[in-house]
Amino acid sequence: MCFYNRRRMGGEIKAVSNLIQRNTSFSFDVPELTRVQGWIVGFIRMRDNAGLETFQKDVEKAYEIRRSTATGILQLLEKKGYLERQSVSEDARLKKLVLTAKAIEVHDQIIARIDAFEAQLSKGISEEDKEVFFRVMDQVKKNLNSEGK
C-alpha cells in the first residue's frame, strides 16, 4: 500500500494537535500572565483545594526549576497582585504562598474555558469511547517512552 493512501497514527495525532493549538492559542491567555505563571497559579490553587499549604520549595520541586527562577516568577506574581507571601507560625522565616482573590478569579475563568473546550472536543463521544481513547493514548505514551530509552 502506498504511503500516502494510508492513515497513520502519528499524522492523525499531529493534525489533532494542530487543531487544538489553533482553537486554544488565544482563548486561555490572560494578557498579563505568562503561561508558566498561569501554571503556577493553577498549581497553588490545586493544592489549596486539597487543603495543602504551598511554599516556594513546592513550586521548585513540581516544575524542576532553580530557586532563583522560582523567586523571579513568584516575585512577578506578587507585583502583579496575584500572590501574597504569608508567614507561618511554626517558622517566621518560612512564607506560604497564598493566591489573591484576583488570581482565584482568573484561574476560575481559565478553568471554565478549559471545561467548555473539553466539552466541544468530546461532543458526541460516548463514555466508553473516551475510556478506549485514554487507554490507547496511555499505550502510545508508554510506547514512545520505552523507545526513547
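Student: Why is aspartate 108 called partly exposed?

Tutor: Aspartate 108 has 37% relative accessibility. Buried means under 20% relative accessible area and exposed means over 50%, with partly exposed in between (1.4 Å probe, protein chains only). The value of 37% therefore puts aspartate 108 in the partly exposed class. The model is a predicted one, in which local features need pLDDT of at least 70 and side-chain atom pairs count only at pLDDT 80 or more, while totals for chains, interfaces and linings use all residues. Residues are numbered from 1 along each chain as its sequence is written, and side-chain values use heavy atoms, with hydrogens and water left out.

Student: What makes arginine 45 and aspartate 108 a salt bridge?

Tutor: The rule asks for a side-chain nitrogen of Lys or Arg within 4 Å of a carboxyl oxygen of Asp or Glu. The closest N and O atoms of arginine 45 and aspartate 108 are 3.7 Å apart, so the pair meets the rule. Arginine 45 sits in helix H2 and aspartate 108 in helix H5, 63 residues apart, and the pair links these distant parts of the chain. Helices here are DSSP runs (H or I, at least four residues), numbered from the N terminus. Arginine 45 has a relative accessible area of 17% and is therefore buried.

Student: How many salt bridges does the rule give?

Tutor: The count is 10. One of them joins glutamate 32 and lysine 102, at 3.0 Å from N to O. Glutamate 32 is in the loop between H1 and helix H2 (35-49), and lysine 102 is in helix H5, so this pair ties together parts 70 residues apart in sequence. Glutamate 32, at 37%, is partly exposed, and so is lysine 102, at 35%.

Student: Which residues are linked to Lys57 in a network of salt bridges?

Tutor: The network holds Arg47, Lys57 and Asp58. Between aspartate 58 and lysine 57 the N to O distance is 3.8 Å. Aspartate 58 counts as buried because its relative accessibility is 15%.

Student: What makes Met9, Ile13, Val132 and Val136 a patch?

Tutor: Patch residues have over 30% relative accessible area and no salt bridge; like charges are joined within 9 Å, and nonpolar side chains (Val, Leu, Ile, Met, Phe, Trp, Tyr) within 5 Å. Valine 136, in helix H6, has 40% relative accessibility and so is over the 30% limit. Together the four have about 330 Å² of accessible area, by the Shrake-Rupley method with a 1.4 Å probe. H1 and H6 each give at least two residues to this patch.
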